[in-house]
Amino acid sequence: MDKTTRSLSLPEAPREFGFWLDGVWEAGRDFFDRSSPGHGTPVTRIPKCTVDDLNAAVSAARRAFEDRSWAGLPGAERAGVLLRTAEILRRRRDEIAYWEVLENGKPIAQARGEIDHAIACFEVGAGAARMLHGDSFNSLGDNLFGMVLREPVGVVGLITPWNFPFLILCERVPFILASGCTMVVKPSEVTSATTLLLGEILAEAGLPKGVYNVVTGSGRTIGQALTEHPDVDMLSFTGSTGVGRSVVHAAADSNFKKLGLELGGKNPIMVFADADLEDAADAAAFGISFNTGQCCVSSSRLIVDRRVALEFEKLLAAKMNKIVVGDPLHETTQVGAITTDAQNQTILSYIEKGKGEGARVVTGGSALDLGRGSYIAPTLFTGVKREMSIARDEIFGPVLSSFQFETVEEAIQLANDTVYGLAASVWSKNIDTALTVSRRVRAGRFWVNCIMAGGPEMPLGGFKQSGWGREAGIYGVEEYTQVKSVHVEIGKRNHWIK
Ligand code: TXE
């Protein structure tokens, strides 16, 4: 690995974190040691919290909710805290990006872009805090007036994964805060640093004590206890479909807490013969390689018009070959390291399964030896059959499976042939084709002649087994509210007992 072209260096010793409870750092007693997936060097020490720590965090969040120190503020004051947070994030952008790279393995330039997106989330959340409102019914007759109030749900548990530790956090936290809720966050045990840092940033921005708490630890202990906690009113979970299912059971077996779920995806990118094939090839290469394909909205199924399939696959393979895979701290790296050993094994085993099931590797198809760390070459499979595991399962790595179609109907049918429905992308210059496909493919986010575009104004979430509910934008804030109908009688009651 070329160290000379790296502008940032690794920390001399791992940084030890506390956990964030009721507005202050609490020292850890026992720790997880995390090594940088790109370098194999120890970088952080994260507390293994106990269920008692979790209970203390839920109590703090409950107290902060009930004392109205947050929910009782005017929306404008909540917006002020969110805007100050955006300012502090702007100031600390490079530092947060650095810790994100060290724990996750993503390229530094990409990580900085994600912090910019997080800043935008806080700004949009601030607007939403001021604009959140209910409704009124002036149509119930002269004697009755109806108001629909939006009230915060209460204490929210937030469980986040390791693929976009800070981005996924910030697609939720500002909107939870805008609604007036308080929260306890359980980040992934391998990428907790930036979620913890957000605690001190929010405190500096003026967030009252107890509104944002972070308890670190494993999914099996802390995550499970949070999902089962009887004093948590809502839980937002982002992660695997399997754990999502256990979250639903835990909610049912405890207090029927409200749930938001963002789970897996097996997202199609559909390329029609009339598309700008060069643009579409660039988008397809990006869509599967961005964040090493460890991305819930990765476009992992290419569905291409048979008439242009060969030409397109050639263009795409040429693009994929040029992707710069390497040291995440290097400024020009486009694709970094695989985040965990387990995920690395999963991706490599799917590549072997694809080969074994008879699909053809056009490019990639193996690990890359860069001296240290885990890297995988962006991989394109052709000749993929619908029943193959690389066609059906979320691989969560840079592995793209290509299918061909002859008619628009067949393309739509292929796109919908999955249990998931998180995202889709269509490439066509024909407005009829683009609109028909956008309306018929069942996915929560759709991109026409673009991919992974958009900002936090737009809602995100999935159809089918990709989850429940929506995050971000005004839809995201509303998700963390309850609707209450208030009926007001005007004038004298029409008596029941005469
Ligand atoms: O996810 P987990 P993993 C998919 C992707 C990946 C697979 C496995 O396919 O290969 O999931 O990843 C916490 N109760 N996605 O094993 O286990 C855990 O500590 C409560 C897609 O890392 O679901 C972490 O904070 N919480 C996804 C979070 O859940 C539990 C992003 C996610 O971890 C828990 C990540 C439990 N019993 C993985 N067990 C996306 N949609 O973006 C674990 N956790």
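The following conversation covers the ligand site, the aromatic pairs and several individual residues of a predicted model.

Biologist: Let us start with the ligand. Which residues come nearest to it?

Modeller: Of the 24 residues around the ligand, Trp162, Lys186, Glu189, Ser240 and Glu394 come nearest. A residue is near a molecule or strand if one of its heavy atoms lies within 4 Å of it.

Biologist: Which side chain has an N or O atom 2.8 Å from an oxygen atom of the ligand?

Modeller: That side chain belongs to Gln343. A polar backbone atom of Thr160 is 2.7 Å from a ligand oxygen, and a backbone N or O atom of Gly219 lies 3.3 Å from an oxygen atom of the ligand. The protein covers 84% of the 810 Å² of accessible area that the ligand has on its own. Such areas come from the Shrake-Rupley method with a 1.4 Å probe; for residues, only the protein chains shown count as cover.

Biologist: Which elements give two or more residues to the shell around the ligand?

Modeller: Those elements are H8 and S11, and H8 supplies the largest share, four residues. Helices (H or I, at least four residues) and strands (E, at least two) are DSSP runs, numbered from the N terminus.

Biologist: How far apart are Thr221 and Asp231 in space?

Modeller: Thr221 and Asp231 are 17 Å apart, C-alpha to C-alpha, and ten residues apart in sequence. The backbone nitrogen of Asp231 is reached at 3.0 Å by the side chain of His229.

Biologist: Is His229 buried or exposed, and what does it touch?

Modeller: His229 is buried, with a relative accessible area of 12%. His229 is found in the loop between helix H8 (219-228) and strand S11 (234-238). Not counting residues up to four places away in sequence, His229 touches Leu54, Asn55, Val58, Asn255 and Lys257, where contact means heavy atoms within 4.5 Å.

Biologist: A change of topic: how many aromatic pairs are there?

Modeller: The count comes to eight aromatic pairs. Rings of Phe, Tyr and Trp (its six-membered ring) pair if their centres lie within 6.5 Å; planes under 30 degrees apart count as stacked, over 60 as edge-to-face and the rest as tilted. The rings of Trp162 and Phe396 have centres 5.5 Å apart and planes at 80°, so this pair is edge-to-face.

Biologist: Which parts does the pair of Trp162 and Phe396 tie together?

Modeller: Trp162 lies in the loop between strand S8 (155-159) and helix H5 (165-170) and Phe396 in the loop between helix H13 (389-392) and strand S19 (399-405), so the pair ties together parts that are 234 residues apart in sequence. Both Trp162 and Phe396 are buried.

Biologist: Which residues do ring pairs link into a cluster?

Modeller: Phe17, Trp20, Trp25, Tyr98 and Trp99 are linked in this way.

Biologist: One last topic: which residues have a positive phi?

Modeller: Arg68, with phi near 65°, is a residue other than glycine with a positive value, and another is Thr292, with phi near 55°. Arg68 is in the loop between helix H1 (51-66) and helix H2 (75-91), and counts as partly exposed at 48% relative accessibility. Thr292 is found in the loop between helix H10 (277-289) and strand S14 (299-305), and counts as buried at 3%.

Key. Residues are numbered from 1 along each chain as its sequence is written. This is a predicted model: local features need pLDDT of at least 70, side-chain atom pairs count only at pLDDT 80 or more; totals for chains, interfaces and linings use all residues. Side-chain values use heavy atoms; hydrogens and water are left out. Buried means under 20% relative accessible area, exposed over 50%, partly exposed in between (1.4 Å probe, protein chains only). A polar contact is a pair of N or O atoms within 3.5 Å; within protein, one must be able to donate a hydrogen and the other to accept it, and residues adjacent in sequence count only if both atoms are side-chain atoms.
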